Amino acid sequence: MVKKGCLLRVIFALLLLLLAGCASPPQGPLFNLKSAEFVPFSGFGFPQSKSVDEQWQEVSGYPLELTEGDFVTMTVGSSLPVVVEFYANWCGYCQDFRPLYRDLAEYYKNRVRFATIDADKSPKLKAKLQVKGFPAFFIIKNGKMLDRWYGVTGSSEGFRRRVRENLDVE
């Protein structure tokens, strides 16, 4: 027979893992954002008087906040790879990671672009990309998703290693 105290500790540990953003590993395909299944998400949230690269250049060195309407346009149209973070305002890990994410955007300036998406404001895209935990990160190059993972990687070096492994940038 399982003791009541042990069961409560197991439940508490599982609850902590859930709250810590430790979701199950991503499952399912890595997506091709140029495919027809992403057409509903390729609206134009930014003014079209400027090219995608011109719009990215205006925020070079900083993460750009994207929406469902401009996600595909701004990632597929970028001449540089894009790292995208899905976050939630209520997620403590997301908030704690924000300054480091800004630093990484500055570090990779003119080599990799960084974007953020508020998952609560983009529920259809969140569902389409199967985001099940926060923060969720995606590396996109030429419209193809190269990698995705949940949770922070522990340090800026861990994050840089992940980017290096996928994009061969130092």
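Helix α4 has 16 residues, and 24 Å separate its first C-alpha from its last, close to the 22 Å expected at 1.5 Å a residue. That expected span is 1.5 Å times one less than the number of residues in the helix. Helices here are DSSP runs of H or I with at least four residues, strands are runs of E with at least two, and both are numbered from the N terminus. This is a predicted model, in which local features need pLDDT of at least 70 and side-chain atom pairs count only at pLDDT 80 or more, while totals for chains, interfaces and linings use all residues. Residues are numbered from 1 along each chain as its sequence is written, and side-chain values use heavy atoms, with hydrogens and water left out.

Stay with α4. The helix has a kink of about 40° at Arg 98, shortly before the proline Pro 99. The bend at a residue is the angle between two fitted axes, one for the seven residues ending there and one for the seven starting there. Which residues of α4 are buried? They are Cys 94, Phe 97, Arg 98, Tyr 101, Leu 104 and Ala 105. Buried means under 20% relative accessible area, exposed means over 50%, and partly exposed lies in between, with a 1.4 Å probe and protein chains only. An α-helix has 3.6 residues a turn, so residues three or four places apart point the same way. The cover over the buried residues of α4 includes β2, β3, β4 and α6.

Helix α6 (156-167) is part of that cover. Its twelve residues should span 16 Å at 1.5 Å a residue, and its end C-alpha atoms are 16 Å apart, which agrees. Gly 158, Phe 159, Arg 160, Val 163 and Leu 167 are buried in α6. These buried residues pack against β2, α4, β3, β4 and β5.

Now step back to the whole chain. The protein has six helices and five strands. From the N terminus, the order is α-α-β-α-β-α-β-α-β-β-α. Of its 170 residues, 41% are buried. Contact means heavy atoms within 4.5 Å. Among contacts between residues at least 6 apart in sequence, 70% join residues at least 24 apart. The protein exposes about 9300 Å², and carbon and sulfur atoms supply 58% of that area. Accessible areas come from the Shrake-Rupley method with a 1.4 Å probe, and for residues only the protein chains shown count as cover.

How confident is the predictor? Its confidence in each residue is the pLDDT, from 0 to 100. The average pLDDT is 79, and 69% of the residues score at least 70. Over residues 14-25 the pLDDT is below 50, and this stretch has ten contacts in the model beyond near neighbours in sequence.

Next, the interior. A nonpolar core is a set of buried Ala, Val, Leu, Ile, Met, Phe, Trp, Tyr and Cys residues joined through side-chain atoms within 4.5 Å. The largest one holds 26 residues, of which Phe 71, Val 84, Phe 86, Leu 129, Val 131 and Phe 138 touch the most other members. Elements giving two or more residues to this core are α2 (52-58), β1 (64-66), α3 (71-76), β2 (82-87), β3, β4 and β5. The largest share, four residues, comes from β2. A second, separate core has 15 residues, including Ala 105, Phe 114, Leu 167 and Val 169.

Leu 66 is found in strand β1. Is Leu 66 buried or exposed? Leu 66 is buried, with a relative accessible area of 1%. Leu 66 and Asp 118 are 52 residues apart in sequence, and their C-alpha atoms are 8.0 Å apart. Thr 73 is in helix α3. Thr 73 is buried, at a relative accessible area of 15%. Its C-alpha lies 9.4 Å from that of Gly 143, 70 residues away along the chain.

Finally, the loops. Phe 134 lies in the loop between α5 and β4. At 8% relative accessibility, Phe 134 counts as buried. A cis peptide bond joins Phe 134 and Pro 135, with omega about -15°. Asn 110, in the loop between α4 and β3, has a positive phi of about 70° although it is not a glycine. Asn 142, in the loop between β4 and β5, has a positive phi of about 55° and is not a glycine either.

Conventions
pLDDT = per-residue confidence, 0-100.
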